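I opened this model to look up a few local features and keep a record of them. The entries follow in the order I took them.

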Amino acid sequence: MQVKESLRGLSPYQPGKSIEEVKREYGLPEIIKLASNENPYGSSPAAKAAIAAELDRLAVYPDGYARTLREKVAKHLGVKETQLLFGNGSDEVVQIFCRAFLEPGANTVMAAPTFPQYRHNAIIERAEVREVPLVDGRHDLEAMLAAIDENTRIVWICNPNNPTGTYVNDTELRAFLDRVPPHVLVVVDEAYYEYATAPDYPQTVPLLNEYEQLVVMRTFSKAYGLAALRVGYGVASETLIRAVEPAREPFNTSTIAQAAAAAALDDQAFIRACVERNRAELERYYRFCEENGLKYYPSQTNFLFIDFGLDGDEVFRYLLERGVIVRSGQALGLPTGVRVTVGTKEQNDRMLELVSQLLREKQLA
């Protein structure tokens, strides 16, 4: 038996180490996980109550149309219900668009490094992947435009970008969209949208009225704190959503996930509080890096990439052995640093204490 050729040599996604795995491996009673950009403040109490209210309906298939959630998201964004496509996390939304648009002979353009699922799914569909290196951690939009040709089907813009946390501003995005050929789909992945506070960060949903080829993706996994439930969505024109819907699996979001996401969306006070705390702690990291001569990318997310000028795996292991899990830059295409989720004040206290210790031992401070 043989799997399809595009799968040969393609590695599955490697998630970071879990808390229980690290406890067992190192015999540590307490672990701080700052590796996966989860919300350290959890999720809204309203979401938890909504989950409890659905527990007597587990034997019934979910609403395949996700009507309640669809209505709430549409109202929240100011779009029509028929402009929404829901997925089992934004990963599945990526997969749906790749399945719908990519095939042998087609190509797709993206930054490097960026969210790896764009590349992963394109390879499975046997499309050519055109990766354009970041410049100072940011998308090189001019070079991305130059990479587009008549066979380009999708251009991906991760905004803010994972793993650097940098962003494409409103002026840059509009100028880019004005020059992209009409046959090319432009997907703007805004997984960290709620955390972005820059005044020139683009408001993309209104742009859907101007650019037929635009898709905006968002998720409930980050600021909303529902990563375990897997709910993401895409927003685009009615015509485009109708065309790609056949590529979506039926019942792809669960009843519990839909209920929790709908309740979480109503609790914007929780989101505002999380964003405010995140920004304050992010500023602490900035000050620490500047005081210790560490390079970093200013971030519009709930994570920070810090360049230690050392092997990222070495920094990762040092912190791991002392009970803090981060993400090595070696796995992200940025080999001399680590990506750190901005945790609670107490978690960040411990993280910065260990980094100070590492810098002293390496005589870098």
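**Loops, an annotated lysine and salt bridges**

I started with Pro113, which sits in the loop between strand 3 (107–112) and helix 5 (117–124). The model is predicted, so I read its geometry with that in mind. The peptide bond leading from Ala112 into Pro113 is cis, with omega near 0°.

I then went to Pro160, in the loop between strand 5 (152–158) and helix 7 (170–179). The bond between Asn159 and Pro160 is also a cis peptide bond, with omega about 0°.

Next I looked up positive phi values. Asn37, not a glycine, has a positive phi of about 60°. I located Asn37 in the loop between strand 1 (32–33) and helix 2 (45–53). Its relative accessibility is 1%, so Asn37 counts as buried.

Asp136 has a positive phi near 55° and is not a glycine either. I found Asp136 in the loop between strand 4 (128–133) and helix 6 (141–147). Is Asp136 buried or exposed? With a relative accessible area of 66%, Asp136 is exposed.

I turned to Lys222 for its record. The UniProt annotation, from an unreviewed entry, reads "modified residue: N6-(pyridoxal phosphate)lysine" and covers Lys222. In the model, Lys222 lies in the loop between strand 7 (214–219) and strand 8 (232–235). I noted 17% relative accessibility for Lys222; the cut-off for buried is under 20%, so Lys222 counts as buried.

Which residues does Lys222 touch, not counting those up to four places away in sequence? I listed Ser36, Asn37, Asn39, Ala191, Tyr192 and Tyr195. Asn37, the residue with the positive phi of about 60°, is among these contacts of Lys222. For Ser36 I also noted that its backbone oxygen lies 3.3 Å from a polar atom of the Lys222 side chain.

I checked Gln213, which is in the loop between strand 6 (185–189) and strand 7. Gln213 is buried, at a relative accessible area of 12%. Its side chain reaches two backbone oxygens: that of Pro181 at 2.9 Å and that of Val184 at 3.0 Å. Neighbours within four places in sequence aside, I found Gln213 in contact with Val180, Pro181, Pro182, Val184, Leu185 and Val186.

Last, I searched the whole structure for salt bridges and got 25. Asp266 is exposed at 52% relative accessible area, while Lys72 is partly exposed at 29%.

I noted a second salt bridge between Glu321 and Arg322, with the closest N and O atoms 3.6 Å apart. Glu321 is partly exposed at 40% relative accessibility, and Arg322 is partly exposed at 28%.

I recorded Lys345 as partly exposed at 44% relative accessibility, and Asp349 as partly exposed at 31%. Through shared partners, salt bridges join Glu281, Arg284, Lys345 and Asp349 into one network.

Terms used
Residues are numbered from 1 along each chain as its sequence is written. This is a predicted model: local features need pLDDT of at least 70, side-chain atom pairs count only at pLDDT 80 or more; totals for chains, interfaces and linings use all residues. Side-chain values use heavy atoms; hydrogens and water are left out. A salt bridge is a side-chain nitrogen of Lys or Arg within 4 Å of a carboxyl oxygen of Asp or Glu. Buried means under 20% relative accessible area, exposed over 50%, partly exposed in between (1.4 Å probe, protein chains only). UniProt positions are given in the numbering used here, feature names are shortened, and annotations may be inferred rather than shown by experiment. Helices (H or I, at least four residues) and strands (E, at least two) are DSSP runs, numbered from the N terminus. Contact means heavy atoms within 4.5 Å. A polar contact is a pair of N or O atoms within 3.5 Å; within protein, one must be able to donate a hydrogen and the other to accept it, and residues adjacent in sequence count only if both atoms are side-chain atoms.
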